[in-house]
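Take a look at the model below. How is the chain divided, and what lies where its parts meet?

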Amino acid sequence: MSAWVLPDHIADVLPSEARHIEELRRELLDTARGYGYELVMPPMLEHLESLLTGTGEALDLQTFKLVDQLSGRMMGLRADTTPQVARIDAHLLNRRGVTRLCYCGSVLHTRPDKPHATREPLQFGAEIYGHAGMEADLEALSLALDCLKATKVGPLTVDMADARIVRSVLAGVQADRPRMVQVHAALAAKDATELASLTKDFPEAARRGLQALIRLYGDNKVLDEAAGVLPDNAVIREALANLRWLAGHVEGALVRFDLADLRGYAYYSGIRFGIYTPGASDALVRGGRYDEVGAVFGRNRPAVGFSLDVKELVGVVAKRSLKAAIRAPWLDSGPEVAALRDAIATLRRDGETVVCILPGHESEVDEFHCDRELARDGAGRWAVRTL
């Protein structure tokens, strides 16, 4: 095998796409900062128990593992940044009130989580800790929508669910983890036949509730139907009321509900949402409430947040034009050299891109669109003129 061949689902990012990704990253972080979110940069590598405690089997299977040569302990390359940010909130910051944090960095997956996906997503996310009310859920969802709007992607559709609904329907069911994973997959796929087979020995109330969940997908009418066919208990009533309240405050996006959806990480504890746009094969953004995520670090705080893959986002936003630049000649001798260098330095300090054309390469094209050039004017001074 050639030395330059990369592993499956791992790729270099070349100049045009890299420029676009970096522009999107800055727009996302600036939007989060506008909401008061502080940037954190967790390490790529941590002790395995810190990365995986409380996150569930799915994240365990996605995590690359290795032995630390200094301590002999097992370590992991992060597959998701949320547990790390929960650790930072719990132990390093340890604030009493509300904490808003955001991040953007690479994560690694042992296998792609969807067809044609990369195993090295560039994960951007934002999380708010310390407020149990629905206001935090609304802020997280509003920020996620504004982040996508800042990148000019759209139109947007928000799918909502609540992890407590499925768990309430399954309360008291005795089944091992592999079977429950299959049940959740059948729910997500809306496969009534497979679901009936998997749950044939479940209590009748649970079987009826699960079959009802498969049909509970659509607009606001879904919530009314759910109230009539799902078990009438306080948890489900509260979940439906919260979904109705949150949907009523969403602006700039179509809202739909999928009450059977449990896709994503196992740490979600309440409302969950995914944001979709035409051209994307799956949700661009996934997020929701995960109040238990910090419990394993000794500080159980309310938490809501979301994340997205900037590399996936760049595939659905409009292509951007090349950055306008100024081309300048290359001089290394003569009386004009000092004046030319001063002119180039001044332009760069003013935020311009100045590309010096090396000898013999005057006809080459690069990443920058040179629509102007630096040349001597009639008085012999270096000045910018339009090409």
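The walk goes from domains to their interface, then to the nonpolar cores and one serine.

This is a predicted model. The domain assignment gives three domains. Domain 1 covers 1–152 + 283–320, domain 2 covers 155–276, and domain 3 covers 324–386.

Start with domain 1 and domain 2. Their centres, taken over C-alpha atoms, are 25 Å apart. Domain 1 brings 33 residues to the contact, and domain 2 brings 26 residues. The size of an interface is often given as the accessible area lost when the parts come together. Here domain 1 and domain 2 bury about 2400 Å² between them. Carbon and sulfur atoms account for 67% of that area. On the side of domain 1, Met 134, Leu 141 and Arg 286 lose the most area to domain 2. Together these three make up 26% of what that side buries.

Polar links cross the interface too. Nine residue pairs are in polar contact there, both residues of each at pLDDT 80 or more. The salt bridge count between domain 1 and domain 2 is one. Asp 261 forms a salt bridge with Arg 286, and their closest N and O atoms are 3.8 Å apart. Several elements of domain 1 each supply at least two residues of the side that touches domain 2. They are helix 3 (57–62), helix 4 (82–93), helix 5, strand 11 (285–289) and strand 12 (303–309). Helix 5 gives the most to that side, with ten residues.

Now turn to the nonpolar cores. The largest has 72 residues. Met 160, Leu 213, Leu 259 and Ile 275 have the most contacts inside it. Helix 5 (residues 134–150) contributes the largest share of this core, ten residues. Domain 1 and domain 2 both give residues to this core, so it lies between them.

End at Ser 50, in helix 2 (residues 48–52). Is Ser 50 buried or exposed? Its relative accessible area is 17%. The cut-off for buried is under 20%, so Ser 50 counts as buried. Beyond residues up to four places away in sequence, Ser 50 touches Arg 87 and Phe 297.

Notes
Residues numbered from 1 in each chain as written. Predicted model: local features only at pLDDT ≥ 70, side-chain atom pairs only at ≥ 80, totals over all residues. Heavy atoms only, no water. Core = buried A, V, L, I, M, F, W, Y, C linked by side-chain atoms within 4.5 Å. Buried < 20%, exposed > 50% of the residue type's maximum accessible area, 1.4 Å probe, protein only. Helix = DSSP H or I, 4+ residues; strand = E, 2+ residues; numbered from the N terminus. Domains from an automatic or database assignment. Contact = heavy atoms within 4.5 Å. Buried area = accessible area lost by both parts, 1.4 Å probe. Salt bridge = Lys/Arg side-chain N within 4 Å of Asp/Glu carboxyl O. Polar contact = N/O pair within 3.5 Å; in protein donor to acceptor, adjacent residues only side chain to side chain.
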